[in-house]
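Here is a short briefing on a two-chain structure. Look over the sequence and the model first, then read on.

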Amino acid sequence: MSVATIYVSRDSTAISLGADEVAAAITAEAARIGLDIKLVRNSSRGMFWLEPLVEVATDAGRIGYGPVQPEDVASLFAAGLTHGGRHPLSLDLVEEIPYIKNQERLTFARAGITDPVSLADYRAHDGYKGLQNALAMEPAAIIAAVTDSGLRGRGGAAFPAGIKWKTVAGAEGAQKYIVCNGDEGDSGTFADRMVCEGDPFVLIEGMTIAGVAVGATRGYIYLRCEYPYGERALNEAIKAAYAANWLGANIQGSGKHFDLEVRMGAGAYICGEETSLLESLEGKRGMVRFKPPLPAIKGLFGCPTVINNVITLASVPIILDKGAEHYKNFGVGRSRGTLPVQLAGNIKHGGLVEKAFGVSLRDLLYTFGGGALSGRPIRTVQVGGPLGAYIPDSQFDLPLDYEAYAKVNNMVGHGGITVFDDTVDMAEQARFSMEFCATESCGKCTPCRIGSTRGMEVIDRLVAGDQPVKQEALLRDLCDTMLAGSLCALGGMAPFPVLSALNHFPEDFQKSSQQQTPRVRVTS
Amino acid sequence: MAPNTDTSTFERRSPPIKLAELSSLSAADSAAINAVLARLKNLPGALLPILHGVQDALGYVPKDAVPVIAKSLNLSRAEVHGVISFYHWYRTEKPGEHVLHLCRAEACQAVGGRALEAHVKTTLGIDFHETTADGRYTLEPAYCLGNCAVGPSLMIDGALKGRVTADRFDRLTGVPA
């Protein structure tokens with residue numbers, strides 16, 4: 001009998017639920033019963049409610065078991081784990097699970113399948129085909145392919161990637177840079193983390209293609225320090241890529257040169273803003289820069305710089321591999337391709353759902369997500385991180401696409417969806433948005449720096465029933481100032497969750513004024 | 001230039017920092033800092049990597065490391081201090097034996113994060129940015145650990161934990177309830 005290959009994820013969410021302990025228990029149990037196995041620490045499928053997920057390769061495909069705890073391991077072996085035997089935790093063929101089967105995985109094609117740091121595994125699953133094609137193309141043709149694919153920045157701003165690249169390619173500069181924005185600070189998002197931990201080579205390949213396209217020979221991945229597992233995986237992969245001449249000088253004999261380094265952030269949300277990130281990479285406080293000049297003209301160390309989100313860069317290899325048309329055929333309107341949606345918060349089936357643009361929230365929340373984890377009704381979801389609006393049930397049928405969302409003051413952002421059940425206090429959430437903005441403001445502009453603190457105070461008075469009509473008017477006025485007067489998206493968007501909470505859930509702000517009898521205020 | 005032997009004028013000059021006398025750095029700490037500087041100071045934009053290096057080695061960035069780092073990068077002490085104080089991750093006080101990063105962000109709030117936060121603070125008897133009296137735990141807030149599908153989340157010395165209930169917290173930390 002051949003040696004069974006067993007997979008346990010090394011994704012940090014899987015580890016946070018005990019994957020390391022399960023992997024150790026599998027090794028120990030196999031040794032105890034004298035069975036030869038091959039244990040692979042793969043990436044995660046992104047079905048986090050099933051983690052730790054144990055998979056075994058069979059002739060029919062991979063059979064899964066989950067969620068597995070160390071104490072289940074002995075019984076799994078007894079049930080015939082190595083040939084996919086039946087067990088109460090059986091999930092049958094993993095790729096037939098509707099959650100996976102009904103997705104359109106392009107950027108996450110390898111998620112849960114490969115060993116993240118194995119270059120051989122990456123190459124066996126279409127890895128580096130995109131770069132190989134790119135190396136045989138004129139730089140302008142690479143940029144044209146990215147432009148034609150319709151790929152837009154997945155960090156949140158949704159700026160067309162090809163146009164950004166073209167600007168950098170045309171900018172004068174002896175040195176140009178590719179910077180990857182891996183400062184995924186939005187709550188409810190983890191797609192960047194999953195790429196860094198689970199498929200680091202795809203990011204390396206995407207950045208290398210960008211370098212070849214615009215003539216940049218150096219790249220930096222700015223990764224948030226809350227992602228130590230991602231840092232380790234990226235560094236392992238970069239080392240392997242250098243060793244196999246996929247990085248460094250004269251890549252695969254092409255004459256192209258690209259060096260890549262990981263730099264760690266230091267816990268500042270604002271560094272997800274591109275100019276602030278560049279300041280941070282330069283070793284300074286992460287203060288937002290005025291634009292213009294655009295980073296494409298004067299970016300890192302004053303040089304022309306492509307700065308893209310992890311998912312944007314990780315989507316480039318498949319575009320160069322399968323062609324712009326292939327990618328463009330997914331999606332709706334001006335939102336082309338796929339969006340890796342992250343289902344988070346109070347959701348039964350939390351995880352990663354990569355779908356073509358145009359899917360509705362209701363589909364994501366109920367068909368994929370299975371409703372709230374608590375079993376209670378879903379009251380609201382926050383889409384797009386801490387600066388995204390709280391969306392009520394009445395808008396759950398909107399198609400997820402940049403333009404449709406922008407029309408109603410919502411934003412798709414980085415595709416994070418945080419679910420709340422009916423126990424949520426929306427006034428508390430609105431206050432938190434202001435508190436978060438106050439904590440994370442870089443301090444450069446007044447509306448954000450002072451407005452956020454004043455915002456907290458006004459919400460406190462409003463909720464306390466202290467002249468609520470006046471307070472609400474004041475809060476709306478303040479939000480207007482922040483929206484219009486802030487230098488960047490932090491102050492400029494923090495009012496979105498506040499206003500959406502106020503507009504869609506006004507009852508949560510009126511609790512104490514309803515409870516209290518009107519007070520007579522004595523003014524002197 | 002002749003050595004300045006007139007101590008009265010020397011003392012009036014600002015800032016007359018004599019590192020060797022004022023620094024409370026131990027020889028081992030100084031050696032660790034110098035090793036980090038030697039390794040990283042020539043990187044472009046070296047300050048953040050250096051601060052990470054120092055904090056990884058010592059657990060914090062001692063105040064007395066500031067002039068040493070500033071000098072080696074040809075920056076002012078104010079610039080180095082400004083960077084340290086800007087970023088939440090760097091700390092200038094020695095932490096407890098274990099550092100806990102508790103997520104405060106929305107996805108964790110949606111599954112009981114606020115209640116867990118209250119439990120953690122009561123159990124440990126400290127607020128954020130504080131260290132327990134016995135020196136075992138330092139508590140820090142985090143705004144998202146990227147574990148948003150299985151919150152509430154906690155990081156203990158860099159190891160991520162998901163679905164952290166009050167009970168699980170007590171078991172993880174061994175703090176008697």
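A residue counts as buried if 20 or more other C-beta atoms lie within 10 Å of its own. The model is predicted.

- β16(A) is mostly covered, with 6 of its 6 residues buried.
- A:G416, A:T418 and A:F420 point one way from β16(A). A:I417, A:V419 and A:D421 point the other way.
- β12(A) runs parallel to β16(A), and 4 bridges join them. Here A:G345 has A:V419 as its bridge partner.
- Strand β14 (residues 378-383) of chain A pairs with β16(A) in the antiparallel sense, over 5 bridges. A:V419 is also the bridge partner of A:V381.

**The β12-β13 hairpin of chain A**

- β12(A) and β13(A) form a hairpin, with 5 residues between them.
- The two strands run antiparallel and are joined by 6 bridges. Within this pair, A:V341 stands opposite A:V353.
- In strand β13 (residues 351-356) of chain A, 5 of the 6 residues are buried, so the strand is largely enclosed by the rest of the structure.

**A parallel open sheet in chain A**

- Which strands make up the open sheet, and in what order? There are 4, in the order β8-β7-β6-β9, and the pairing is parallel.
- β8 and β9 (305-309) stand at the edges with a single partner strand each, so one side of each is left without a neighbour in the sheet.
- Neighbouring strands of this sheet are turned by 20° against each other on average, direction ignored.
- Strand β6 (residues 177-182) of chain A is joined to β9(A) by 5 bridges. A:N181 in this pairing has A:N309 as its bridge partner.

**Core and helix packing in chain A**

- The largest nonpolar core has 215 residues. A:V179, A:L203, A:A210 and A:V306 have the most contacts inside it.
- α10(A) gives the most to this core, with 10 residues.
- In soluble globular proteins, nonpolar side chains tend to be buried together.
- Beyond its neighbours within four places in sequence, A:V179 is in contact with residues including A:Y220, A:L278, A:L300 and A:V306.
- Helix α10 (residues 200-214) and helix α13 (residues 310-322) of chain A have axes that come within 7 Å and cross at roughly 80°. That makes α10(A) roughly perpendicular to α13(A).
- Among the residues that meet there are A:L203, A:M207 and A:A210 in α10(A), and A:L313, A:V316 and A:L320 in α13(A).
- The residues of this helix contact divide into 11 nonpolar, 1 polar and 1 charged.

**Where chain A meets chain B**

- 46 residues of chain A are in contact with 34 residues of chain B.
- α1 (12-16), β8 (259-264), α12 (274-281), β12 (338-345) and β16 (416-421) of chain A each supply at least two residues of the side that touches chain B.
- The residues on that side of chain A divide into 20 nonpolar, 18 polar and 8 charged.

**Chain B**

- Chain B has 9 helices and 5 strands. Along the sequence they follow the pattern α-α-α-α-α-α-β-α-α-β-β-β-β-α.
- Of its 177 residues, 35% count as buried.
- Among the contacts in chain B with a separation of 6 or more, 58% involve residues 24 or more positions apart.

Methods:
Residues are numbered from 1 along each chain as its sequence is written. Chains are lettered from A and ligands numbered from 1 in the order in which they are written. This is a predicted model: local features need pLDDT of at least 70, side-chain atom pairs count only at pLDDT 80 or more; totals for chains, interfaces and linings use all residues. Axes are lines fitted to C-alpha atoms, for helices over the stretch in contact, and angles run from 0 to 180 degrees between N-to-C directions. Angles under 35 degrees count as roughly parallel, over 145 as roughly antiparallel, 65 to 115 as roughly perpendicular and the rest as oblique. Two residues are in contact if their C-beta atoms, placed from the backbone, lie within 7 Å. Ala, Val, Leu, Ile, Met, Phe, Trp, Tyr, Cys and Pro count as nonpolar, Asp, Glu, Lys and Arg as charged, and the others, Gly among them, as polar. A nonpolar core is a set of buried Ala, Val, Leu, Ile, Met, Phe, Trp, Tyr and Cys residues joined through C-beta atoms within 7 Å. A residue is buried if 20 or more other C-beta atoms lie within 10 Å of its own, exposed if 12 or fewer, and partly exposed in between; C-beta atoms are placed from the backbone. Two strands pair if DSSP finds at least two bridges between them.
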